[in-house]
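My notes are below, in the order I looked things up.

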Amino acid sequence: MRALLRIAWRNIGRQGRRSFITAVAMAVGVGMSMAMIALMDGMFVKMFDTLVRQQMGHVQVHDPAWPKQHSLHATMDEKTVLAKLDRVKDAVGVAPRAYGFALLGLKDRSTGARLEGVDPVREAKVTLVRDHMVSGHYLEEGSSHEMILGKSVAETLHAKVGSEIVAVTQAADGSLGNDIYHVAGIYQTGSAMLDRGTAFLTLPDLQSLLVLPGEIHEVALLGPTPKSVPALASNVRSALAGSHLLVQTWAQIDPNAAQVIQMQDGMAWMLLIIVFAVAAFGVLNTMLMSVFERTKELGVLRALGLSPGRIVLMVVFEAAMLASIAGVAGLAFGLLLDGYLVHWGLDLTTFTQGFSWAGVNFDPIMRGYVEPSRIAFVVLALFVVAIASALWPAVRAARLDPVQAMREE
Amino acid sequence: MRRLATFPLLVVLAMIFAPVPAHAMDPEVKKLLDRIDDMFRGTSSKATLSMHIKTANWERNLKIEVMSQGKDKALIKILEPAKEKGITTLRVGDNLWNYLPKVDRTIKVPAAMMSSSWMGSHFTNDDLVQESRLSDDYDAKMTSKPDQAPKGFYVITLIPKPNAPVVWGKLVAKIDAKNDLPVEEAYYDEKGKLVRTLTFSNVKEIDGRKLPTRMTLVPAEHPKEETTMTYDDLHIGVDLPPRTFSLQALRQ
């Protein structure tokens, strides 16, 4: 067996240039796949982060009537629900919210907008609107009659920090709720729904405008990592056991987004398969060539008594050794590329000022994200592909008739 | 588009029964529509109405004062309940403003919100400014005479003309043959589905005219909800200073 390994190693060395080119091709394939996957995963992470940290959180709790119509009357009792949810293990943030729809007016301009009442301190632990202020500041704990506006909403109203906005709405008791709010800040998150159609105010302010004292429409929870979502959802469910409230994960709330993210995952795999199909043909070609060239030599080995099984093993060893060398080189190359992408990102400013895909705005600088399991897959796949594509030439070599083979020139 | 209604809350009525060009219309239909349309005509008016709104979640009563002048000016002021007293809607042409006494501000209703509810009722802002004229925008046809079922009623079906700026797909009006006053008006969407039904009742003589003084609007999707408006008082041809219908006057 050891002799077999040595022969295989020598065979690689005998065709130094060809082996080198094959190994380089394989290594570049591995490195580029890693970089490509890091970029796609970066996009995936960014998209998920945008989705979750802009508005949704990982898990949400509602009255069962809420999803159908987002009715003003589908409320939960703030104190009872929060008391239960604050005890949920692994919840990084627990944010209560109320929603309304109002006509906002400033001087002779007006526009319809969604109102979102939030607890500023709790909300900041779930969503990142606070980090996207263009001017002014985010809502402050305990402040009253303040409002922050999405950039487009503010533009429509010609509102600036300090402007007095009138809000008129149909309150829960049927009356015409109306009040004045000062613009504390203007934000731009990249989410069309938030920037074009939402105004935030404090939860108590909105509850009073809507005549919904102590009532909320939604609680959004955030877990420590995206992977903790199922565990968080089940903890929330057990915390609320016995109540009629609806607990949903982000994927259940927004199946379209979940599908886009799933599709994105599928695309990453497809890309991998294409890259490896190309690599496989390269390896197949090299191995076939080396077997054809060595027909006479292999015939001699057979005549000397090397069993067909051993011939197969020898050729497979050659492929595996080539893959090992290429794997190590490719891994090094890939890690270098990944490091660059994670640290500096891919700057597309020369091509675009940023783009929007599936409702998410992307910076012109694309950043990579490294997921170790994907790297492991890439390297493993290289071995599988190399060995699989060596099998046919190997079997062909084993089937040679020694007498016929030795007569070849 | 010309506008014929004199007081905006009855625009709906005027819409339906506006006179229609003779060439396209059966003289009998035209006579019926003219009779009713003329009934609501006047250069100016002042009315007090009670409004009862019932929805799945709440029920409430409002008292409102409606003043109108010419074709396109109207002012609707809430008198009761106390919490909303003084909230006023001003209509001039296609524009609507709401004045809010609590914050002492006037806010314009944007075009995108014209199909939203007016003050929580089942009437929309659009109903207040609708200028659609049946004679121009609809083809009217008598579909049932009083001797046919339903006995004692005329039924007139109105289909909007191809390019008419109308949100409805079809209107069906039922008119009492005894007094030629409307009893019911059904609004259908473009797919032929019933959207809402407006019924007229409680015929009384007000200011020398016989009028249905109660109108009830029921949305087809929520048959248990309704908005009822009852005329408590109506004066036609009253003298109103022109500045009544200005943004400045809203604040007083």
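**Ground rules.** I am working from a predicted model, where local features need pLDDT of at least 70, side-chain atom pairs count only at pLDDT 80 or more, and totals for chains, interfaces and linings use all residues. Residues are numbered from 1 along each chain as its sequence is written, while chains are lettered from A and ligands numbered from 1 in the order in which they are written.

**Chain contact.** I looked up who touches whom, with contact meaning C-beta atoms, placed from the backbone, within 7 Å. Chain A puts in 17 residues and chain B 22. On the chain A side, strands S3 (93-106), S4 (109-118), S7 (164-170) and S8 (176-187) each supply at least two residues. S8(A) has the largest share, four residues. I sorted that side of chain A by type and got five nonpolar, nine polar and three charged. Here nonpolar is Ala, Val, Leu, Ile, Met, Phe, Trp, Tyr, Cys and Pro, charged is Asp, Glu, Lys and Arg, and the others, Gly among them, are polar. Helices (H or I, at least four residues) and strands (E, at least two) are DSSP runs, numbered from the N terminus.

**Domains of chain A.** The assignment, automatic or from a database, gives domain 1 (2-51 + 258-407) and domain 2 (64-244). I get 50 Å between their centres, taken over C-alpha atoms.

**Helix H14(A).** I checked the length of H14 (residues 372-398) of chain A: at 1.5 Å a residue, its 27 residues should span 39 Å, and the end C-alpha atoms are 38 Å apart, which agrees. The expected span is 1.5 Å times one less than the number of residues. H14(A) has a kink of about 35 degrees at A:Leu391, shortly before A:Pro393; the bend is the angle between axes fitted to the seven residues ending there and the seven starting there. Its buried residues (20 or more other C-beta atoms within 10 Å of their own, C-beta placed from the backbone) include A:Val378, A:Leu382, A:Val385 and A:Pro393.

**Chain B.** I count five helices and 13 strands in chain B. Of its 252 residues, 40% are buried.

**Cores.** A nonpolar core is a set of buried Ala, Val, Leu, Ile, Met, Phe, Trp, Tyr and Cys residues joined through C-beta atoms within 7 Å. In the largest, of 106 residues, A:Met147, A:Ile165, A:Ala199 and A:Leu221 touch the most other members. S3(A) gives the most to this core, seven residues. A second, separate core of 41 residues includes A:Ala8 and A:Leu322.

Note on methods. Two residues are in contact if their C-beta atoms, placed from the backbone, lie within 7 Å. A residue is buried if 20 or more other C-beta atoms lie within 10 Å of its own, exposed if 12 or fewer, and partly exposed in between; C-beta atoms are placed from the backbone.
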